[in-house]
Amino acid sequence: MTTDEEPRTCPFDYSHALEFDPELAALMERESPTRVRLPYGDADAWLVTDFHSVQQVTVDRRFSRAQIMGHDYPRMTPEPIVSPESVNVMDPPQSSRVRSLVSQAFAQERVDAMRDRIVGHADSLLDGMAEEGPPADLVRHLSDPFPQHTILDLLGIPREEWPRMRELVLKLLVTGRDNKEAAAQVKTDLTAYFLTLVEQRRRNPGNDIISGMIAARDGEDQLDDQEMAVMTLTLVLSGQDTATCQISNIVYLLLTRPELMEHVKGHPDSLSGIIHELLRYIPFRKGVGIPRVALEDVEMDGAKIRAGEFVHVSYLTANRDPARYPDPHAIDFDRPHAPHMTFGWGGHRCIGVPLAMAELEVAVGRLLERFPRLRLAVPPEKIQWDAKTIRRFPVELPVTW
């Protein structure tokens, strides 16, 4: 590295409710990128925290994700979650090509056409919760199964495979060192399974996202089977990760902040904007995600990042940057529109944003319509938060009504 300062060891294991990680908060106060050491990987990394600089790194072609492959790069999990063929570790123009084709399967009008199916999954699960009666664990009844059922259904994965999919995906998210070999085998097995599924859909297309990816064209160009198998793995992983956590996190905030709940109930037509502000505020994960590597020397905010050095960005800190969001640690539903980074930025922004937002709007909207007197069944301090994975979410969310 290019400074005499020793790298800061950052386990990023803070998981106390939805409070902002004090270690990240301290790093935000620094005026230049900080060298950090993460739990796994054989190298240190630079950590970039402010919105403008994070934005720069995500769009600057001098920083490459593709070139991290083949290296034991700094990360949060023992086994890298992404596959080498994943769009998440591609650079333009290859990533632009894949994203352009895949995004056709997630166009807003296509998601709108799927909305009735999404609502059907939510209502079915809420029916089960109502039948069982209070108190009930919202995670078990809604947050956990709803995004899983939705993405697996829309991908056309047979229902009998759903329990196995959930079990395997969870193994990829565990941070324990003894999970490395199991996670590597899971990636191999799931990719092989999805490759078979893609081959089947080529012969017998249906009304599902895999068939939509097969049909996607840019002139004569289209995705090959391996690209679609890896993309399906990415979609299953993200589809059972982000939305699951965020449903629980959003509902937790509403149930512990009565003024927020009253605002939501009083402005049902503004639910999309409300959810975006909550997504900006919520620390949706621990630490950082996939790094980039500098392809040449880059000067940034007083630091000289040399070619070959790894760079991590923090979407969490970017979402709390006071230069972009005045009073950033407050939830302000009247905040002037300024896109957040919860779904990423630039060439690696989540392709499935239209679907993710539809899931969140349906889950929160239908829950509050069906259970207008919903409240926590235990004091907030009794709720247990995940401490085993890279995610931030309540393990259980006991509610009554």
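How many bridges join strand S1 to strand S2, and do the two run parallel or antiparallel? In this predicted model, S1 (residues 8-9) and S2 (residues 34-37) are joined by 2 bridges and run parallel. Arg8 has Val36 of S2 as its bridge partner.

Strand S2 also pairs with strand S3 (residues 45-48), to which 3 bridges join it. The strands S2 and S3 run antiparallel. Here the bridge partner of Val36 is Ala45, in S3.

Helix H8 spans residues 180-203, a run of 24 residues. From its first C-alpha to its last, H8 reaches 36 Å, close to the 34 Å expected at 1.5 Å a residue. The buried residues of H8 include Ala183, Val186, Lys187, Leu190, Thr191, Tyr193 and Phe194. Leu197, Val198 and Arg201 of H8 are buried as well. In an α-helix there are 3.6 residues a turn, so residues three or four places apart point the same way.

The packing of two helices is described by the angle between their axes and the distance between the axes. For helix H6 (residues 145-155) and helix H15 (residues 353-370), the axes come within 11 Å and cross at roughly 135°. The angle lies between the 115 and 145 degree cut-offs, and H6 and H15 are therefore oblique to each other. The crossing in which H6 passes H15 is right-handed.

Conventions:
Residues are numbered from 1 along each chain as its sequence is written. This is a predicted model: local features need pLDDT of at least 70, side-chain atom pairs count only at pLDDT 80 or more; totals for chains, interfaces and linings use all residues. Side-chain values use heavy atoms; hydrogens and water are left out. Helices (H or I, at least four residues) and strands (E, at least two) are DSSP runs, numbered from the N terminus. The expected span of a helix is 1.5 Å times one less than its number of residues. Buried means under 20% relative accessible area, exposed over 50%, partly exposed in between (1.4 Å probe, protein chains only). Two strands pair if DSSP finds at least two bridges between them. Axes are lines fitted to C-alpha atoms, for helices over the stretch in contact, and angles run from 0 to 180 degrees between N-to-C directions. Angles under 35 degrees count as roughly parallel, over 145 as roughly antiparallel, 65 to 115 as roughly perpendicular and the rest as oblique. A crossing is left-handed if the near helix is turned anticlockwise from the far one by less than a right angle, and right-handed if clockwise.
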